Amino acid sequence: MKKFVSIMLALAMSMSLAACGADSSSDASSDSQSSSDAASGEKVVKIGVFEPATGDSGAGGKQEVLGMKYAHDVQPTVEIGGETYQVELAIVDNQSSNDKAATAASELVSKGCSVVLGSYGSGVSIAGSDTFKNAGIPVIGVTCTNPQVTEGNTHYFRICFLDPFQGTVLANFAVDNFEAQTAYTLSKQGDDYSGGLFYYFKEAFEAKGGTVVAAEFPEGTSDFTSYVTAAKNAGADVFFAPVSTEATALIIDNAAAQGLGMPIMAGDTWDSNVITGAAQGKDVEVYVTTFYQEGGNEDFDNGIKEWINADSTRLAENGGNDMIAAVSAMGYDAYFVALEVLKNAGSTDPAAVNEALWDTTYTGVSGDIAFESTNGDAIRDVAYVKVANTETGAWDFVTVQKAS
């Protein structure tokens, strides 16, 4: 009897240890599926997804990934070298953290990805870049707009416009539409995205004869009352704050409570239903520049809305409704650009994929996509301007704006 009990205890411990060693991440099922596909004789190509699901940029990252997942549902296979490959999305969470970006990137390297998509957030893109470079894996940036993402390298490409362009567009819009002479700008200390976009806005705004009053806030700030007060005391005509969505809701709340009395402007990170939700019912004006306006492609709009509404998790990841974020449209396009480059490469070898990227073109829902020959940046010359409708909680289209 004692021997029987000992054997049963040993079996129980063995099963417990096996369970503890199991991978509980969202990629575990994908890896198992990959092994199953390989065993069944089906060919598999892995596209890495290097995006934040948590941290300051988690809300935007989830919406960007939703676009990729929807694209994968639309077309889960690709023809490479005359053979059909099942596409597997290998998704990791870089946690919106520059410090953890290299670890997340290394995880994708270990998964054997042929190409990687991401990230939402320029800082983590820059921080993870060398890991991909050293592994010889090309990356297609989706909405990381800081010039440093691609500067001086040949492995990081992107399909979005850049901050020098976006900053100029925003400065032009402030002067042309609000006759702004003084702009109060607010960025986050140590943040590559907000700091970079502030720099280019300031450069363009001052070139048009304007004055910039600049401020920065530290990590962990939850009360923006003093910054709203400072903007009012400076006699500013616009309040420019290209920061994360988490800080944005707080800024909008403080602006409404204090009667800011001037338009609030920001870049693509504010193009989210998190922002329209924060602005709804409040006496604020919120304008953003972005990559896509809902209504730009009826088939895409209808398809992704139906797909989002079909699953409660997708709906939650999209902020609780089916409003289409521009980053979702960009994630969708990035996936199809990856398929196009795999077809052009005729191989799953990352080196061949990297080489094929230079000459790959694609017409997506966000427009024509091509890469310039120096750094692999997208050739883009327009941005959409939208304003938050504080009654309906939606974005209203304002104009298409160019830099010049």
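**Close-up views of a predicted model**

View 1. Phe397 lies in strand S15, residues 394–401 (helices, H or I of at least four residues, and strands, E of at least two, are DSSP runs numbered from the N terminus). Phe397 is partly exposed because its relative accessible area is 44% (buried is under 20%, exposed over 50%, partly exposed in between; 1.4 Å probe, protein chains only). Together with Val382 and Val400, Phe397 forms a nonpolar surface patch of about 230 Å² accessible area. Patch members have over 30% relative accessible area and no salt bridge, with nonpolar side chains joined within 5 Å and like charges within 9 Å; a salt bridge places a Lys or Arg side-chain nitrogen within 4 Å of an Asp or Glu carboxyl oxygen.

**View 2. Packing of helices H13 and H14.** H13 (residues 326–345) packs against H14 (residues 350–357) at about 105°, with axes 8 Å apart, and is therefore roughly perpendicular to H14 (65 to 115 degrees). Val341, Leu342, Asn344 and Ala345 of H13 meet Ala352, Val353, Ala356 and Leu357 of H14 (contact: heavy atoms within 4.5 Å).

**View 3. Surroundings of Gly55.** Gly55 occupies the loop between strand S1 (43–51) and helix H3 (58–74). Its relative accessibility of 39% makes Gly55 partly exposed. Beyond neighbours within four places in sequence, Gly55 contacts Gln95, Ser96 and Glu246. Its C-alpha atom is 9.9 Å from that of Ser244, 189 residues away along the chain.

**Notes.** Residues are numbered from 1 along each chain as its sequence is written, and side-chain values use heavy atoms, without hydrogens and water. In this predicted model, local features need pLDDT of at least 70 and side-chain atom pairs count only at pLDDT 80 or more, whereas totals for chains, interfaces and linings use all residues.

Technical notes. Areas by Shrake-Rupley, 256 points an atom, 1.4 Å probe, with all protein chains shown as cover. Axes fitted to C-alpha atoms, helices over the stretch in contact; angles between N-to-C directions. Parallel < 35°, antiparallel > 145°, perpendicular 65-115°, else oblique.
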